[in-house]
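This report is meant for a reader who is meeting the structure for the first time. Please look over the sequence and the model shown here before reading on.

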Amino acid sequence: MDSLAAIKQTFFQECEEQLAELESGLLAIEGGIQDSETVNAVFRAVHSIKGGAGAFALDDLVRFAHVFETALDHLRAGLLLPSAEVTGCMLRAADVLADLVRAARDGGSVDAARCKALGEELAALDPDGAGTVPETDDGMDGIDFAPVLVELDDLDALPAPSGRHFTIRFTPHPDLYAKANDAAVILREITRLGDATITCDTSDVPLLSELDPEGSCLSWTIRLRTASDAAAVREVFEFVEGDCDVAISAEAEEDGEDLDVAALLARLQGEVAGETAEATAQQLIADETPLPGSEVIDLSEVRRQGKAHEVAPEPASKPEATAASTAAPPTIRVDLDRVDRLIDLVGELVINQAMLAQRVFEAGLARASGVAAGLDELEQLTREIQDSVMAIRAQPVKSVFQRIPRLVREVAALTGKTVRLVTEGEATEVDKTVIERLSDPLTHMIRNAIDHGLESPEARLEKGKPAEGQVRLSALHRSGRIVIEVADDGAGIDRPKVKAIAARKGLVAADAVLSDEEIDNLIFLPGFSTAASISDISGRGVGMDVVKRSIQALGGRISIASRPGEGSTFTMSLPLTLAVLDGMVVTVAGQTLVVPLTAIVETLQPKAVEVHGLGGAARVIAIREHFVPLIDVGRELGYRGNDADPLDCVALLVESEGGARNALLVDAILGQRQVVIKSLEANYRHVPGIAAATILGDGRVALILDVDAVVARSRSDAASHETFLAAAG
Amino acid sequence: MPVGFTSNPRIVPVLELSEVLDIKAAAPLAAAFLERRGAEILVDAARVEKLGGQCLQVLLSAAFTWKADELPFGIVEPSAAFLDALALLGVPADALGDQGLAR
């Protein structure tokens, strides 16, 4: 990848972060948090996206961001009140901006009509009615140099800048250009703040033979008259922080109404630093040359005079004296491949440590020996390293949750429902590999909650509920797993209807006696759909089946709790990582297998009186007051041709989603341990009934059982689905 | 190529600036000027739509160099975008050559 492509990639990564900031800020404003810090953060996000997009000539993106930014500028200046209409428009604009960023990154297209409509909607927010959408055929508008006049005209429509004068000394470093930024873009942003007089210091420009064309030898002095404060001025330079020197000094307060401590301090600093407000030689010349082109300039004179005016620069990153921001902990960007490699290596370390422990055990060394004690310490240390490394890849679920508000808005608009989304536990962390696979099932569940769960506003009002429905999305850690809940306050599952549909589709016998829980779980059966008409929103009746399989593929479970008239709650329980697993090591027909511990409810030794035949090969075991199907793992996986004698086996009572229980027959239990998951698909191929593999301490490969798949296989063998349902649970 | 050469009736070499004078254009532009050093030059800015800081440096350096060499250097036919860019970058429009900016 060439350096420009790498910079572009970084830009898009930063765009995603800015878009997240933008959305969360707008939602906060919508929720009544309207402090200047929040509004500024929102403005900054759009501003940064626009700045970067300009550097890469992403004109569509720049144009839209420009209009958006103008509207936000009005909001920031207090000229626009954050009404529900305004925030709603801005949230939709944020969605379009996100589409434009992704289109620029992935090469797709955006809905031009929607983009245009939103642009006009944003422009219409202009309190003076002066907002205009830049012409679509002028790619240079809004970002580069030609638009400057337009920008100034736009500013004319705003109240005249009052109050503050700043003198800004701006010296780009070569890095600023190397990162595809440009001084011109920064200067243009400055002109947006008010009346700016810009002079260029050319004193360091060498002759061509000594010039590094990709270096930086120009600096600028800007005299700015603006209504904005020093923080707003400094914000302009945030995008190039560290890549330039910036000295900002406040000069005078015209209105003198309020005491700006920051401005005063800055002014004092300016005075101490010397004559910061001095015009450069170029400015003096400019004063003497009223009309461009009327006179030849002696450039050697320009250079000589330019040298005489030095302003002590300060790094752009120097914090504002009055900035109340809390310092974020320092972070670095690391290529994910490196982290994955590290996690793999630590996995190998864990396996190696287990093998070493096995050798020590086989060597018959006493528990109290120095070697064994050292090994214990090594084990503890290994576990700590593993936890720490996994923490590197852990991410808050916020990255998934933040996509949901947009989804809710879109689905609500399509269904004509009013929906309020409440999110909780966004900071809950889970491994990135889990997060990446969480998005699709979650999206489908939210769609379902709105489309099928919530009633129409009219129906809600009739039932005495508020017209606005609520969908609550929450995440929390519980027992070493992450639990994600999607709850709605809708009508709840219409059980008679669900059962009737299932019976009509032949999924259950019409006269089957089913518990509420069993009826609820029918919606997870393949092909089940309660929608009277197929909707565009919730798919084509395969939704919850797909959701369930996605969750299961992650080693998770999903369950439903529904109360008629009060709503439904879907609960997903997922492992925190796909890298390690707590498992029970068992033997089956001479093979060693690992059964995920989370699936196991209890283990038991079957007794003759508890085991009953059902005709054919099917057998059940009586556990307390329930009959539970017995599944011979050895037979299901093809390790043996005939069913094992349950009395010679151990039964593992496992629980599937919805509480359905089955007993897996294995030959013996060897113990419990944490194992490192190795993908079977990546190293061999998918094997039905097997989720993954691991390497045991003795160096042998053990397969990790996919409990749900084994149960499903045996279920398909079962003579009657109804029998299974009746027996479960 | 960001630049090209044409001839005018006075047989003064003309360096035609390309439309986009961004960071990628700076090095080729400097090379083009170096190639023409030692003779008077007219720089045609008619097509310029975008001018960034680094190409401005090159233009200024070229103007200084021609001045030091005591040779005529002029910008001709500047586009509106070029003039706007100069204004934004704080450079007087006539600072780029002893021929002024002939339109």
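## Loop residues with positive phi

A:Ala589 is partly exposed, because 16 other C-beta atoms lie within 10 Å, a count that falls between the 12 or fewer of an exposed residue and the 20 or more of a buried one. The place of A:Ala589 is in the loop of chain A that runs between β12 (580-588) and β13 (591-596), and its phi is near 50°, a positive value in a residue other than glycine.

B:Glu70 sits in the loop between α2 and β6 (73-76) of chain B, and it counts as exposed because it has 7 C-beta neighbours inside 10 Å.

## Chain A and the confidence of its prediction

In chain A there are 26 helices and 22 strands, and of its 729 residues 40% count as buried. Among the contacts in chain A with a separation of 6 or more, residues 24 or more positions apart account for 69%.

The mean pLDDT of chain A is 76, and 79% of its residues reach 70 or more. Over residues 719-729 of chain A the pLDDT is below 50, although this stretch has 24 contacts in the model beyond near neighbours in sequence. Residues 532-542 of chain A likewise have a pLDDT that stays under 50, and for them the model has 20 contacts beyond four places in sequence. Where pLDDT is low, the predicted coordinates should not be read in detail.

## A helix pair in chain A

Two packed helices are described by the angle between their axes and the distance between the axes. In chain A, the axes of helix α16 (residues 404-415) and helix α18 (residues 439-453) come within 10 Å and cross at roughly 35°, and the crossing in which α16(A) passes α18(A) is right-handed.

From α16(A), the contact is made by A:Ile404, A:Leu407, A:Val408, A:Val411, A:Ala412 and A:Thr415, while α18(A) contributes A:Thr443, A:Ile446, A:Arg447, A:Ile450 and A:Asp451. Sorted by class, the residues of this contact between α16(A) and α18(A) are seven nonpolar, two polar and two charged. An α-helix has 3.6 residues a turn, so residues three or four places apart point the same way.

## Two further positions in chain A

A:Thr87 belongs to helix α4 (residues 84-106) of chain A, and it counts as partly exposed because it has 18 C-beta neighbours inside 10 Å. Leaving aside residues up to four places away in sequence, A:Thr87 touches A:Leu26, A:Ile29, A:Glu30 and A:Pro82.

A:Gly565 is found in the loop of chain A between β10 (557-563) and β11 (567-575), and it is exposed, since 11 other C-beta atoms lie within 10 Å. Not counting residues up to four places away in sequence, A:Gly565 touches A:Lys463, A:Ala491 and A:Gly492.

## Chain B and its helices

Chain B has three helices and seven strands, which follow the pattern β-β-β-α-β-β-α-β-α-β when read along the sequence. Of its 103 residues, 57% are buried, and residues 24 or more positions apart account for 75% of the contacts with a separation of 6 or more.

Helix α1 (residues 26-36) and helix α2 (residues 53-68) of chain B pack at an angle of about 15°, with their axes 9 Å apart, an angle that makes α1(B) roughly parallel to α2(B). The crossing of the two helices, α1(B) and α2(B), is right-handed. B:Ala26, B:Leu29, B:Ala30 and B:Phe33 in α1(B) meet B:Gln54, B:Cys55, B:Val58 and B:Ala62 in α2(B), and the residues of this contact divide into seven nonpolar, one polar and no charged.

Helix α3 (residues 80-88) of chain B is mostly covered, with seven of its nine residues buried. These buried residues of α3(B) are B:Ala81, B:Phe82, B:Leu83, B:Asp84, B:Ala85, B:Leu86 and B:Leu88. After α3(B) comes B:Gly90, whose phi is positive, near 70°.

Terms used: Residues are numbered from 1 along each chain as its sequence is written. Chains are lettered from A and ligands numbered from 1 in the order in which they are written. This is a predicted model: local features need pLDDT of at least 70, side-chain atom pairs count only at pLDDT 80 or more; totals for chains, interfaces and linings use all residues. Helices (H or I, at least four residues) and strands (E, at least two) are DSSP runs, numbered from the N terminus. Two residues are in contact if their C-beta atoms, placed from the backbone, lie within 7 Å. pLDDT is the predictor's confidence in each residue, from 0 to 100. Axes are lines fitted to C-alpha atoms, for helices over the stretch in contact, and angles run from 0 to 180 degrees between N-to-C directions. A crossing is left-handed if the near helix is turned anticlockwise from the far one by less than a right angle, and right-handed if clockwise. Ala, Val, Leu, Ile, Met, Phe, Trp, Tyr, Cys and Pro count as nonpolar, Asp, Glu, Lys and Arg as charged, and the others, Gly among them, as polar. Angles under 35 degrees count as roughly parallel, over 145 as roughly antiparallel, 65 to 115 as roughly perpendicular and the rest as oblique.
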